[in-house]
Amino acid sequence: MDSANDCVINVQGLGVERGETTILHDVNWQVARGEHWAILGANGSGKTSLLQALTAYLTPSCGVIQVDGETYGQTDWSQLRQRIGLVSSGIAQKVPLDEPALKTVLSGPTAQLGYWTREPQATDNAFAHECLARMRCEHLAERNWMYLSQGERQRVFIARALMTRPVLLILDEPCAGLDPVMREMFLKGVAELAQQPNAPTLILVTHHVEEILPVFSHTLILRGGETLAQGPTENILRSDLLSEAFGAPLTVTQTGDRWELRAGR
Ligand SMILES: Nc1ncnc2c1ncn2[C@@H]1O[C@H](COP(=O)(O)OP(=O)(O)OP(=O)(O)O)[C@@H](O)[C@H]1O
């Protein structure tokens with residue numbers, strides 16, 4: 001890679017310590033423009049901490065973090081944070097049950113769910129409809145939150161994140177709680193998004209190799225707060241590496257362009 005400016009994410013020697021606990025140790029990770037990455041790892045391996053460091057919610061103890069060419073500590077991260085979309089299941093509980101999906105999407109730019117900081121303009125409305133359409137859920141614009149399925153809510157959240165025209169979109173275990181059919185529909189929507197012009201760089205955090213669609217060209221595996229492996233997905237989704245990552249014998253198989261994991265050898 002020629003320079004940090006070719007990277008959407010450039011992490012060098014990142015360490016995070018709290019008291020006696022080492023949460024992340026010597027993480028080096030570069031994401032080039034045009035790549036989409038999956039992050040895999042067991043519970044407690046440091047996935048959320050890495051994302052929190054990237055979004056400046058967790059202060060590093062050492063190392064360099066650059067996002068979209070801006071360096072942590074040298075730039076206004078509240079501004080930069082608006083260029084990073086984050087979709088996790090945690091925010092779902094904060095949406096008022098009687099809020100229509102369009103209003104949830106419109107709250108994206110201020111990231112303040114449930115209330116306005118200013119009256120939305122006609123252009124905001126038009127763009128919100130466009131964002132919903134990008135996730136194939138424009139028909140849900142007037143439907144209240146309480147009536148949306150879990151999969152529809154996740155698609156609406158991605159539409160909401162798109163309102164800030166992010167360069168980076170982090171999907172933190174977005175398939176948690178989805179049934180197999182909903183999960184496939186949701187993942188298909190994510191893959192379609194990745195192929196659209198001006199698509200953000202996607203980062204999918206997951207425990208499940210089944211969710212790593214071909215669009216996720218690269219995979220990073222964390223273990224105990226350190227990088228166990230990273231690189232092109234087909235080189236990384238190996239039984240030996242996944243067994244080490246999850247601390248038990250596992251066998252990974254590829255059928256067509258999808259991956260499966262089962263216990264045992
Ligand atoms: N502020 C903190 N102080 C001390 N330890 C912390 C702190 N934040 C996280 N940890 C620890 O760091 C480790 C990594 O946590 P993290 O939430 O990043 O893991 P994860 O891979 O996202 O896990 P999961 O898959 O369960 O969500 C855990 O052992 C956690 O207890």
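1. In this predicted model, helix α1 supplies the largest share of the shell around the ligand, namely 3 residues. The ligand is surrounded by R18, T21, I23, G41, N43, G44, S45, G46, K47, T48 and S49. Two or more of these residues come from each of β2 (21–32) and α1 (47–54).

2. A sheet of 6 strands is open, with mixed pairing and the order β6-β7-β8-β3-β9-β10. Its edge strands, β6 (84–88) and β10 (226–232), each pair on one side only. On average, and with direction ignored, neighbouring strands of the sheet are turned by 15 degrees against each other.

3. Within this sheet, strands β3 (residues 37–41) and β8 (residues 201–206) run parallel and are joined by 4 bridges. In this region L40 stands opposite T206 of β8.

4. Helix α5 lies across β6 and β7 (168–172), and its direction is at about 165 degrees to β6.

5. Helix α5 (residues 150–162) also packs with helix α6 (residues 180–195), at an angle of about 15 degrees and with the axes 9 Å apart. Because angles under 35 degrees count as roughly parallel, α5 is therefore roughly parallel to α6. The crossing of α5 and α6 is right-handed.

6. On the α5 side, the contact is made by Q150, G151, Q154, R155 and I158; α6 contributes M182, M185, F186, G189 and L193. The contact of α5 with α6 divides by class into 5 nonpolar, 4 polar and 1 charged residues.

How values were computed. Residues are numbered from 1 along each chain as its sequence is written. This is a predicted model: local features need pLDDT of at least 70, side-chain atom pairs count only at pLDDT 80 or more; totals for chains, interfaces and linings use all residues. A residue is near a molecule or strand if its C-beta atom, placed from the backbone, lies within 6 Å of it. Axes are lines fitted to C-alpha atoms, for helices over the stretch in contact, and angles run from 0 to 180 degrees between N-to-C directions. Angles under 35 degrees count as roughly parallel, over 145 as roughly antiparallel, 65 to 115 as roughly perpendicular and the rest as oblique. A crossing is left-handed if the near helix is turned anticlockwise from the far one by less than a right angle, and right-handed if clockwise. Two residues are in contact if their C-beta atoms, placed from the backbone, lie within 7 Å. Ala, Val, Leu, Ile, Met, Phe, Trp, Tyr, Cys and Pro count as nonpolar, Asp, Glu, Lys and Arg as charged, and the others, Gly among them, as polar. Two strands pair if DSSP finds at least two bridges between them.
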